[in-house]
Amino acid sequence: MKRSGPLLTLLAGLLVGLFMLSLNATTGEKKTSASVEESPSPKASPPPTTRSPSPSPSPSKSPIPNADYAGRTDDDSSAVAVSLRDGRAIAYFCDGRDKESWLKGDVEDDGSMKLTGKGGAELNGTLKQGKRISGTVDIGGGHYTFTADKAIKPSGLYRATATVRSAKFDGGWIVLKDGTQVGILTKNGKPSPAPEIDPATGAVTVDGEQLTARPVTP
Amino acid sequence: MTVDPNAATQGFPSPPPDHHRPSAARYLVPALVAAAVAVALGVYGKVHDPAGTAFNLAGFSSTGAVKSWLATVAIFFALVQFTSALMMYGKLPGPSWSSTLHRWSGRAAFLVAVPVAVHCLYALGYQTYETRVFWHSLLGCFFFGAFSAKMLLLRSERLPHWLLPIVGGLVFAALTIIWLTSALWFFRTFGVTT
């Protein structure tokens, strides 16, 4: 009277699900995700093996804690966000209209960093007590001083890159702790102010299409 | 059921409670399990912080592409399901092995759908920020609940003849809408890409 086939089917599904979940939990954190392709630029992108999925047992080569920082330039014209992971940093400078730069580099053990980006852009900063990064950005002939406080989700640094109907989109967003967003969306190399993202999900509508901006890590 | 002719007159009122309980459990257990599965998935997706990322398969540009193709495979098997079900119920001429086909295409569809759901719930979570996303989230949870109910109902015999087709139809309809709101959307947005 009782057939066991359906139960076995359910059980197999459950096992597959748990197996996938454990795979995700152990190997996650390193690949692109739904609907967003990884940014095309980073040749500095690390081989996945150097990344440890769990923060604790790995021999941490840097005393710098992994964290995100976001703030404004002192002249209030632009925003700066820095994301630190395992002694490496990626930063985004953005005025919300047409001037932006992605910068990368290493963080020294004393918390100082010198990040560089395209076109000679340079960020010099120092991490103070793990609470904020202050420093300078030189970009396109301009010189800016900034202070970026530690950012708690959903504030932080987001990026979305995608190709929609053969148009290349590259968007960067800094979500500040008061909730305001500073972002630029580049379409086929032409920058313009970015539409707002939903900071909870990263969802953003671009040219009528739904994209997802993801938190940026070096 | 055996009937004692001597007890027939007074036996009538008392048996129903006895026979009623197992038959009520026949529906109640699948229904409760279905509700529990659907709610548990939804709560997990809502409560846990979406990871945003998950591992990807080699050869695919993004997990979105992987999921869309897996979901499309699931939909294909679901169509096989629908057809083979019609054969089993004699609505379509079919081979004698149509019930085996139904069983195994169902298993295949389910097992292919599971990794997709795991990724959805792990990396993206239960979201409601858009109509498409809302229905996808809701029906995604509903699908696995309804499927569990369908599997459990299969274990009881003497069900009303309309029950399995209804539940199966619900499962099929849910999966179709899930596919329309995810894979089809993905292919239309990003192109039919791997």
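**A helical chain beside a chain of strands**

Ser105(B) lies in helix H4 of chain B. This is a predicted model, so some limits apply: local features need pLDDT of at least 70, side-chain atom pairs count only at pLDDT 80 or more, and totals for chains, interfaces and linings use all residues. Residues are numbered from 1 along each chain as its sequence is written, while chains are lettered from A and ligands numbered from 1 in the order in which they are written.

Back to that serine. Ser105(B) is buried, with 20 other C-beta atoms within 10 Å; a residue counts as buried if 20 or more other C-beta atoms lie within 10 Å of its own, as exposed if 12 or fewer do, and as partly exposed in between, with C-beta atoms placed from the backbone. Leaving out residues up to four places away in sequence, Ser105(B) touches Phe77(B), Val80(B), Gln81(B) and Ser84(B). Two residues are in contact if their C-beta atoms, placed from the backbone, lie within 7 Å. Leu79(B) and Ser105(B) are 26 residues apart in sequence, and their C-alpha atoms are 9.2 Å apart in space.

As for chain B as a whole, its secondary structure comes to six helices and zero strands, giving the pattern α-α-α-α-α-α along the sequence. Helices (H or I, at least four residues) and strands (E, at least two) are DSSP runs, numbered from the N terminus. Chain B has 194 residues, and 41% of them count as buried. Among its contacts with a separation of 6 or more, 75% are between residues 24 or more positions apart.

Two of these helices can be checked for length. The expected span of a helix is 1.5 Å times one less than its number of residues. H4(B), with 27 residues, reaches 37 Å from its first C-alpha to its last, close to the 39 Å expected. For H3(B), 26 residues should span 38 Å, and the end C-alpha atoms are 37 Å apart, which agrees.

Next, the nonpolar cores, each a set of buried Ala, Val, Leu, Ile, Met, Phe, Trp, Tyr and Cys residues joined through C-beta atoms within 7 Å. The largest has 47 residues, of which Ala74(B), Phe143(B), Ala146(B) and Leu175(B) touch the most other members. Helices H2 (15-47), H3 (63-88), H4 (98-124), H5 (131-153) and H6 (163-190) of chain B each supply at least two residues of this core, and H4(B) gives the most, with twelve residues. Setting aside neighbours within four places in sequence, Ala74(B) is in contact with Ala109(B), Val112(B), Ala113(B) and Leu175(B). Apart from this core lies another, of 44 residues, including Ala91(A), Leu157(A), Ala162(A) and Ile184(A).

Chain A is built from one helix and 15 strands. Buried residues make up 36% of its 218 residues, and residues 24 or more positions apart account for 47% of the chain A contacts with a separation of 6 or more.

Strand E2 (residues 79-85) of chain A is mostly covered, with seven of its seven residues buried. On one side are Ala79(A), Ala81(A), Ser83(A) and Arg85(A), and on the other Val80(A), Val82(A) and Leu84(A). Two strands pair if DSSP finds at least two bridges between them. E2(A) pairs in the antiparallel sense with strand E1 (residues 67-73) over six bridges, and Ala67(A) stands opposite Leu84(A). These two strands, E1(A) and E2(A), form a hairpin with five residues between them, and Asp76(A) in the turn has a positive phi of about 65°. E2(A) also pairs with strand E3 (residues 88-94) of chain A, antiparallel and over seven bridges; here Ala79(A) stands opposite Cys94(A). This hairpin, of E2(A) and E3(A), has two residues between its strands, with Asp86(A) in the turn at a positive phi of about 50°.

Elsewhere in chain A, an open sheet of five strands has the order E12-E11-E10-E9-E15, with antiparallel pairing. Strands E12 (190-193) and E15 (214-215) of chain A stand at the edges with a single partner strand each, so one side of each is left without a neighbour in the sheet. For E15(A), two bridges join it to strand E9 (residues 156-164) of chain A, and the two run antiparallel. Within this pair, Tyr158(A) stands opposite Pro215(A) in E15(A).
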